[in-house]
Amino acid sequence: MSRVTYQEAETYISELPKFTKKNTLEHTQKFLSFLGNPQNGKKVIHVAGTNGKGSVCVYLDAMLRAQRKHTGLFTSPHLIRMNERIRMDGEPVSDETFTRLFLRTQQSVRRMEAEGLPHPSFFEFLFGMAMAGFEEAGVEYVILETGLGGRLDATNSISGPLTCILTSIGLDHTEILGNTLEEIAAEKAGILKPHVPVIFADTQQESSRVIEERAGELGCPCKKIGKSAYEILKIQDGTLAFSPSNAYYGDTTWKLQNTAMYQPENAMLAMEAMRMIFGEQGDVSGWREALSQVKWEGRMEEILPDFYVDGAHNVSAVRMFVQSIQGDRREKVVLFSAVREKNYEEMIRILCQEKSVSEYVITLIEDKRAAQTEELKQIFQKYTDKPVVVKEELHQALTYLFSRKAGKAVYCLGSLYLTGMIKAITEEAG
C-alpha cells in the first residue's frame, strides 16, 4: 500500500467533482460491496431535511454516547478540515485514520474501474470511507446525514435503518430538488423505508402533508414535532432552556449551549428518536446532561466575545436567524456573503427587516460560485438605508469589524464557506 499524506488524500477527494458525476444508488451499493459491505449489521439513524440536519445528528450522537453506545457520525459539509465529516464517539477521525481509510477506499475504487464501473463522486467516496471506518472501529450505531435531498442521496443506499428523521423543510437547492415545498419534501421523504418509524418537524403544512402521505403509503409509524412539543423557558448567558411537553421526560428543564430559537425543535427530533429506540431503557437524565454539553460549530456559535458565526445559507434559515436575534437588544453589525445559486436577494430582504442592525458588511468567499460583492451591495441598498460596506478580502472585513464592534454584537452568515473561513482565520490567530 503506497504512502500518502493527509493533504494529498484531501486534495484527491476535493478534485473528484472535476472528473466524475453523480451516480445511481445501485452504483453506490456496488461501491459498498467492493468495500466489503461495511454497512451491514449497523444500527442506522438516517437524517434528511433542509435546515438543522447537522444539529439533530450531533444531538443524537451525544445522547447515544450517554446511553453508553459506540457511535459513528457522518455529516457534511466540513468547516475547516475534511476529517470533520467522519466522527467516532464524538471525535473527528485522526489524519492517520483518514489517510488509511482513503487508501482502502481508493484500492476498492481501482478494482471497480478495472471492471468498467464509474469512479464514485466526491460525496460517495467520503461516504464509503466513513462506512469502512465505522466497520473497522466496530461502532454499533451509525448516524447518517444526507448530503443533498434524500431520494437520490448516496446515504440512501443503506437499507433497514432504525428510524428516519426529517428536519424542517424549506426552499433550497431548487435547481435540483424542485421549486415548491411539496417537491422538496417529496425528495427528502425519499429516505423513508417500509414500516421504519419516521419523526419529522411539523413546520409547514405543504411539506408535512407530503411526508405524512408517504409515511402512510409505506406503513411507517409517524411522529411529528411541532411548537406544542416544547416550551422555551429562558435564553440567558449563551444558553437556551426549554421544557418538553411529553410526560416521558418528566417535569424537566433542558439546556442547550446555543441561543437559536430553532434548536429546541432539533433537540426534540433527536430526543424523540431516542425515546422511540430505547423506550423505558432510556437514560433520560444522561441525555439531558449530554445535550447541555453539546457545542455544534458554526451554528449561532460565539467564537469570540460578542462575535457570532451562523451557517444560515438559505431563505428559511435566514428567517429563523432573524427570529433568534430579536431577543438580543444590543446594536448589531452583520457580515454577509453568499454563493450564486442561492436566493440571496430574499435572504438580504429578510435581513434588512431587522431594525437593530446598524451596519452591513459584505465580503467575498473563496469559491468560484461566490456572489459578487458589488451586486450584493446594490441589493442591500435596495432594502435598507443603513450603511453598507464592501471589504473584498475577508481579513480586511474582520479587521474592520473588530474596529467597529465596541458595544455591539457581530453576526456573520450567508454561507457555510464564510463560517469555515472565519473559524480558520480566528483559530490560526489563536
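A residue counts as buried when its relative accessible area is under 20%, as exposed when that area is over 50%, and as partly exposed in between (1.4 Å probe, protein chains only). By that rule, tyrosine 308 is buried, at 10% relative accessibility. Welcome to this structure, a predicted model in which local features need pLDDT of at least 70 and side-chain atom pairs count only at pLDDT 80 or more, while totals for chains, interfaces and linings use all residues. Residues are numbered from 1 along each chain as its sequence is written, and side-chain values use heavy atoms, with hydrogens and water left out. Helices (H or I, at least four residues) and strands (E, at least two) are DSSP runs, numbered from the N terminus.

**Aromatic pairs**

- Rings of Phe, Tyr and Trp (its six-membered ring) pair if their centres lie within 6.5 Å; planes under 30 degrees apart make a pair stacked, over 60 edge-to-face, and the rest tilted.
- The count by this rule is 16 aromatic pairs.
- Tyrosine 308 and tyrosine 411 are stacked, because their ring centres are 4.7 Å apart and their planes meet at 15°.
- Tyrosine 308 belongs to strand S13 (residues 307-309) and tyrosine 411 to strand S17 (residues 409-413), so this pair ties together parts 103 residues apart in sequence.
- Tyrosine 411 is buried too, with a relative accessible area of 4%.
- A tilted pair is formed by tyrosine 360 and phenylalanine 380, at 4.9 Å centre to centre and 35° between the planes.
- This pair links distant parts of the chain, with tyrosine 360 in strand S15 (residues 357-362) and phenylalanine 380 in helix H13 (residues 373-383), 20 residues apart.
- Both tyrosine 360 and phenylalanine 380 are buried.
- Tyr248, Tyr249, Trp254 and Trp287 are linked into a cluster by ring pairs.
- Arginine 275 lies over the face of tyrosine 248, 5.6 Å from the ring centre; a charge sits over a ring if NZ of Lys or CZ of Arg is within 6 Å of the ring centre and within 35 degrees of the ring normal.

**Salt bridges**

- A salt bridge is a side-chain nitrogen of Lys or Arg within 4 Å of a carboxyl oxygen of Asp or Glu, and the count by this rule comes to 23.
- Glutamate 346 bridges to arginine 319, with the closest N and O atoms 3.9 Å apart.
- Arginine 349 and glutamate 346 both lie in helix H12, three residues apart, about one turn of the helix.
- Glutamate 345 and lysine 382 meet in a salt bridge of 2.7 Å, N to O.
- Here glutamate 345 in helix H12 is linked to lysine 382 in helix H13, 37 residues apart.
- Glutamate 345 is partly exposed at 27% relative accessibility, whereas lysine 382 is exposed at 56%.

**Serine 292**

- Serine 292 sits in helix H10 (residues 284-293) and is buried, at 14% relative accessibility.
- Its side chain makes a polar contact of 3.3 Å with that of glutamine 293. A polar contact is a pair of N or O atoms within 3.5 Å; within protein, one must be able to donate a hydrogen and the other to accept it, and residues adjacent in sequence count only if both atoms are side-chain atoms.
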